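Q: Could you walk me through this structure, taking one residue and then its surroundings?
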Amino acid sequence: MKIATYNINNINKRLANLLNWLEKEKPEVVCLQELKTEQQGFPANALRSRGYEAVWVGERSWNGVAILVREQMPILTRSELPGDDHDYQARYVEAAVRGVLIASIYLPNGNPQPGPKFNYKLAWFERLIGHANNLIKAGVPAALVGDYNVVPTPQDIYPTRSLDKNALVQPASREAFQRLLGQGWTDALRKLHPSGPLWTFWDFKFDRWQADKGMRLDHFLLSPQLTALLVDGGVDRWMRGEQNASDHAPAWITLNL
C-alpha cells in the first residue's frame with residue numbers, strides 16, 4: 001500500500017496539479033493538508049472521477065485535511081483531535097483503510113513565537129502526544145501522516161541561521177516530536193534514508209526552490225506493527241517545480257501489507 005502526504009495549499013486552486021499527480025503516481029492513500037475550502041467546497045466529484053473516495057474536514061480559507069483512497073471508501077473514525085472541545089480548527093481527520101488506521105495531520109505553524117500561536121502549537125502537540133500514546137497502548141496498526149510544521153533535527157533544513165527564531169525549529173517543537181517517537185513511533189522517511197536531505201518544503205520567498213534551500217516538514221510516523229512492513233519511500237520533488245505548484249512536494253511510503 002502506497003501512502004502519500006501532500007500539503008496542497010488550496011485544493012481548488014491546485015486541483016489540476018493534484019489530479020495530474022494522482023494519475024502519474026497512483027498512490028493508494030493520500031493525506032492532504034491545507035485544503036483552504038469549506039466542507040461543501042471540497043472537489044469530491046472531480047476526485048471520484050479519477051477513482052478516489054474521500055473523507056475530509058474543511059474550513060473556509062484556512063487549514064482543512066482529507067484522506068483520499070483509491071477505489072475504496074475510507075471508514076471515518078475521527079474528524080477532530082481529542083482533548084479540546086473548543087478547538088474548531090480543521091487540522092485532524094482519521095480513517096481506517098485495509099485494517100490500518102491513518103490520520104491526516106496539519107499541526108499548527110506556531111509563528112510568530114513566542115506568543116499565543118506558538119502556545120497553541122505546543123498545546124495541540126500535547127493533545128496529539130496523548131492520543132498517539134493511546135493508539136500505541138491499544139496496539140493499533142497506525143500511521144500518523146502529514147505536515148507537522150516541525151524540522152526534527154538540523155539535518156532536516158538547509159544550512160542557515162536566518163530561521164533560528166522560527167517556530168519550526170524551536171527546541172520545544174523538536175522535543176515534542178522526539179517524545180512522540182519515544183512512544184514507539186518510527187519516522188519512516190528517515191529510517192529509509194538515514195543520511196542526506198529529504199526536503200519536502202521550499203518557501204515561495206527568496207527563490208528558495210531554485211536554490212534548493214528546503215526543509216523537511218512532512219512526516220510519516222508508523223506504529224511498531226507497520227514499521228516492520230515498511231519497504232520504500234521518498235519525495236516527489238518534481239511536483240514542486242510544476243506551474244502553480246504548492247510550496248510543499250508530496251512525500252510517500254510503501255507498506256507491504
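Q: Is Ser104 buried or exposed?
A: Ser104 is buried, with a relative accessible area of 0%, where buried means under 20% with a 1.4 Å probe and protein chains only. This is a predicted model, in which local features need pLDDT of at least 70 and side-chain atom pairs pLDDT 80 or more, while totals for chains, interfaces and linings use all residues. Residues are numbered from 1 along each chain as its sequence is written, and side-chain values use heavy atoms, with hydrogens and water left out.

Q: OK, and which strand does Ser104 lie in?
A: Ser104 belongs to strand 7, residues 100-106, strands being DSSP runs of E with at least two residues, numbered from the N terminus.

Q: Which residues is Ser104 in contact with?
A: Leaving aside neighbours within four places in sequence, the contacts of Ser104 include Cys31, Val65, Ala66, Tyr92 and Val145, contact meaning heavy atoms within 4.5 Å. A polar atom of the Ser104 side chain lies 3.3 Å from the backbone oxygen of Ala66.

Q: Switching topic, what does strand 3 pair with?
A: Strand 3 pairs with strand 4 (residues 65-70) in the antiparallel sense over 6 bridges, where pairing requires at least two DSSP bridges. Val57 has Val65 of strand 4 as its bridge partner. Because 5 of the 6 residues of strand 3 (residues 52-57) are buried, strand 3 is largely enclosed by the rest of the structure.

Notes. Helix = DSSP H or I, 4+ residues; strand = E, 2+ residues; numbered from the N terminus. Buried < 20%, exposed > 50% of the residue type's maximum accessible area, 1.4 Å probe, protein only. Polar contact = N/O pair within 3.5 Å; in protein donor to acceptor, adjacent residues only side chain to side chain.
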